Amino acid sequence: MVDRSCINNQLVESETQIIQTGNNKYDIKYYSYLGNWQLATTLEFIPTQPPGCDYADICTTGFTTVMPDTLTVKQDFSFTTEDECLSYSNLLGEPVIPLAAFSGLKEAKKSSNIFNLTPEEDIEVCYDLQTLKWKFKLLVENITLNYVKDICLDNIQNPPISATPIYNLSAICNLSSTECIKLKKSLKAHKTYPFTSDLYGGSVFTEILLTHEIEHQKDWEGHIRKYVNHYYNIPEKVIYRC
């Protein structure tokens, strides 16, 4: 995290850190040009009852703050409304052409939210005045979270990359010495993926690309396991309609 402060009336960047000092309380500090950490401000989040809500003190039986089991389901790129293989710019402003893509929590073309839940049919909510938390009752067995993961074949085979996809090792048997040298150069270039300029006109190992995307998938699934029970009690995510 980067903050900005003034030195001699000039804006300079300074490193900042957030330190939890208590229940829902945090200090934000910045690294001073004097060489020490200075307190910038303190944040405290106080749970409150949503305005205009008139719920019972205790939610009825069956309401909980714990999410049920979640299922992750792989879908085709056509499942989403976005082009997952669309080129983008990195932090340096350099163009990046994806050779493969992973994306989680994507909406289906017909879905209304990432959980694919219909409020009137699949879920009931109540606000517990004792714990000051939303509780919910799911009327479905589990929640399905969709993801997409695949290679971007058009990007690989068409200009400017114009490379040959290698799906298995049998495809590289009986190569000439010239082809073998070129193949080794392409294989080495996978180490710098997604910066792929050395792959142009070469060969792309799809298994290596998917291994890269699997690591993104593992991170995503880890976040689901860690934070799934917080979704219904994050103030920025809740729309109060009483």
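About how many helical turns separate E215 and K218 in helix α4? I found that the two are 3 residues apart in helix α4 (residues 206–227), which means a separation of about one helical turn. Helices here are DSSP runs of H or I with at least four residues, strands are runs of E with at least two, and both are numbered from the N terminus.

Before going on, I noted that this is a predicted model, where local features need pLDDT of at least 70, side-chain atom pairs count only at pLDDT 80 or more, and totals for chains, interfaces and linings use all residues. Residues are numbered from 1 along each chain as its sequence is written, and side-chain values use heavy atoms, with hydrogens and water left out.

**Salt bridge**

I looked for a side-chain nitrogen of Lys or Arg within 4 Å of a carboxyl oxygen of Asp or Glu, and the count came to 1 salt bridge. E215 makes it with K218, and their closest N and O atoms are 3.5 Å apart. I then checked accessibility, where buried means under 20% relative accessible area, exposed over 50%, and partly exposed in between (1.4 Å probe, protein chains only). E215 is partly exposed at 42%, and K218 is partly exposed at 47%.

**Disulfide**

Next I searched the whole structure for cysteine sulfur atoms within 2.5 Å of each other, and 1 disulfide turned up. The bond joins C85 to C152, with 2.1 Å from S to S. C85 sits in the loop between β5 and β6 (88–89) and C152 in the loop between β11 and α2 (153–157), so the bond ties together parts 67 residues apart in sequence. I read a torsion of about -85 degrees about the S-S bond of C85 and C152, so this disulfide is left-handed. C85 and C152 are both buried, while C180 is partly exposed at 31%.

**Sheet**

I followed an open sheet of 3 strands in the order β5-β11-β8, with mixed pairing. β5 (70–75) and β8 (100–104) are at the edges with a single partner strand each, so one side of each has no neighbour in the sheet. From one strand to the next the twist averages 20 degrees; axes are lines fitted to C-alpha atoms (for helices over the stretch in contact), and angles run from 0 to 180 degrees between N-to-C directions. Two strands pair if DSSP finds at least two bridges between them; β8 and β11 (residues 143–151) pair in the antiparallel sense over 5 bridges. In that pairing, I found A100 opposite I151 of β11.

**Aromatic rings**

I paired rings of Phe, Tyr and Trp (its six-membered ring) when their centres lie within 6.5 Å, calling planes under 30 degrees apart stacked, over 60 edge-to-face and the rest tilted. That gave 5 aromatic pairs. One of them is Y31 with W37, whose ring centres are 5.2 Å apart and whose planes stand at 70 degrees, so the pair is edge-to-face. Y31 is partly exposed at 36%, and W37 is partly exposed at 33%. I also noted one aromatic cluster formed by F102, Y147 and W220.

**Y88**

My last stop was Y88 in strand β6, which is partly exposed at 40%. Leaving out residues up to four places away in sequence, Y88 touches E94, P95, V96, P98 and P194, where contact means heavy atoms within 4.5 Å. Y88 and P98 are 10 residues apart in sequence, and their C-alpha atoms are 8.2 Å apart.
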